[in-house]
Amino acid sequence: MTGAQARADDRMVNAGAVRRLLIRPELGAVVGLVVVFVFFASQSPVFRSPDGIANWLDPAATLGIMAVAVALLMIGGEFDLSAGVLTGTSGLILVTLATRFGLNVWVAMLVGLVVALAVGFANGLIVTRTRLPSFIVTLGTFLMLQGINLGVTKAITGTVQVSGLRRAEGFEGANAIFAGTIEIGGTSFRVAILWWILVTAVATWVLMRSRAGNWIFAVGGNEQAARAVGVPAARTKIALFMTTAFAAWLVGSIMALRYTSVQANIGIGQEFIYIIAAVIGGCLLTGGYGSAVGAAIGAVIFGMADKGIVFLGWDADWFKFFLGAMLLLATLANRLVRRYAEEVRH
C-alpha cells in the first residue's frame with residue numbers, strides 16, 4: 001500500500017466515524033446540554049458549584065427515570081399518557097396501605113408494584129388487541145386513574161392528601177434505599193441519581209446489546225414488516241408498557257418516601273414532560289429511532305433549566321417558554337438527522 005493509498009484509507013475511516021457520530025440520535029441533546037450548561041454556569045457561580053450540581057441533578061434523576069422508560073416505548077412506536085398520573089397512584093397506594101391499613105412499607109410497595117404492572121399490562125393488551133391508538137387508550141387510563149386517585153383518597157381520608165408515612169414500619173430502610181442521600185466530596189447527592197443511572201444503563205444495554213432491543217426498533221419502525229420476520233410485536237409492546245409502569249412505580253415510591261405524604265393530583269401533566277425529554281434526547285414521534293442515553297440527557301437539560309432559572313432570579317414562567325423552544329428545536333434537529341441518516345444508508 002502506497003502512502004497516498006494509506007492517507008485515502010485514513011480519510012475514509014475518519015469520514016465514516018464522523019457520519020456515525022452525526023446520525024446518533026442523542027447528538028442534538030449533547031449539543032443542547034453543553035449550550036445550556038455553559039449559559040447558566042457563566043451566569044451563576046452557584047449553578048456550577050457542587051451544591052448547585054446536586055440541586056439540578058435531583059429533579060433530573062426522577063424525570064430521567066421516567067423519560068428513559070417513555071423513550072423505550074416511543075422507540076417501539078407507542079405513547080403512554082397515563083405515566084404521570086400512575087406515579088401518583090403508586091405513591092398513594094404505598095402511603096395509604098402503610099398508614100391507614102398498617103402494612104409494612106415494603107409490603108405496601110410490593111402491592112403498588114403489582115398494581116402498576118397490571119395497569120401497564122392492561123394498556124399494552126388493549127392497544128395490541130384492539131389496534132386503537134395508544135394515545136386514546138392511555139388517555140382513557142389517565143382519566144380513570146385521576147378519578148380513582150381523587151375519589152378513593154377523599155373517601156379514606158376526607159381530604160386529597162395522605163400523610164404520616166414516616167411512622168410506618170419499614171420506613172427507615174426503604175427511605176435509605178430509595179430516597180436517601182449519599183456524600184460525595186462533602187456534598188449530598190440524592191440516591192435517586194444512582195437509580196437513574198442504573199435504569200439508563202440497563203435500558204441502553206437492552207436497546208443496543210439484546211434481541212429485545214432489535215425487536216423494539218423493529219416494531220417501532222415497521223410493525224407489519226417486524227411481524228413478517230417473526231418478531232413478537234404484541235409481547236414486545238406489552239412489555240414496553242409494563243416497563244413504563246415499573247418506572248412510574250419507582251418514581252412514585254421515591255417521591256412518597258422522600259416527602260412522606262402524597263397529594264391525590266400528583267403527577268398530572270408530567271407525562272408531557274417525559275415525552276418532551278425523550279424527544280429532546282432524539283426520539284421520533286413516529287417511532288423506530290432514539291436512545292435511552294439521549295432521554296437521560298434530555299432530563300439533565302430540564303433539570304439545569306429548572307434550577308438555573310431560579311438561581312438567576314428569573315420568573316419561573318420562563319421555564320415553560322424554555323420547554324416549548326427546546327421541543328421545537330429538538331424536533332427540527334431530529335428530522336434533519338433522520339433525513340441525513342437515510343441519505344447515508346442509500
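Phe 40 is buried, with a relative accessible area of 5% (buried means under 20%, exposed over 50% and partly exposed in between, using a 1.4 Å probe and protein chains only). Phe 39 counts as partly exposed, at 35% relative accessibility. Keep in mind that this is a predicted model, where local features need pLDDT of at least 70, side-chain atom pairs count only at pLDDT 80 or more, and totals for chains, interfaces and linings use all residues. Residues are numbered from 1 along each chain as its sequence is written, and side-chain values use heavy atoms, with hydrogens and water left out.

Now look at the rings. Phe 39 and Phe 40 make an edge-to-face aromatic pair, 5.1 Å centre to centre with 75° between the planes. Rings of Phe, Tyr and Trp (its six-membered ring) pair if their centres lie within 6.5 Å; planes under 30 degrees apart count as stacked, over 60 as edge-to-face and the rest as tilted. Phe 47 and Trp 56 are a stacked pair, because their planes sit at 20°, with the centres 5.3 Å apart. Both of these residues, Phe 47 and Trp 56, are buried. Ring pairs join Phe 37, Phe 39, Phe 40, Phe 47, Trp 56, Phe 311 and Trp 314 into a cluster.

On to a pair of helices (DSSP runs of H or I, at least four residues, numbered from the N terminus). Helix α5 (residues 83-100) packs with helix α7 (residues 134-157) at an angle of about 20°, their axes 10 Å apart. Axes are lines fitted to C-alpha atoms over the stretch in contact (heavy atoms within 4.5 Å), and angles run from 0 to 180 degrees between N-to-C directions. So α5 and α7 are roughly parallel (under 35 degrees; over 145 is roughly antiparallel, 65 to 115 roughly perpendicular and the rest oblique).

Conventions
Helices (H or I, at least four residues) and strands (E, at least two) are DSSP runs, numbered from the N terminus.
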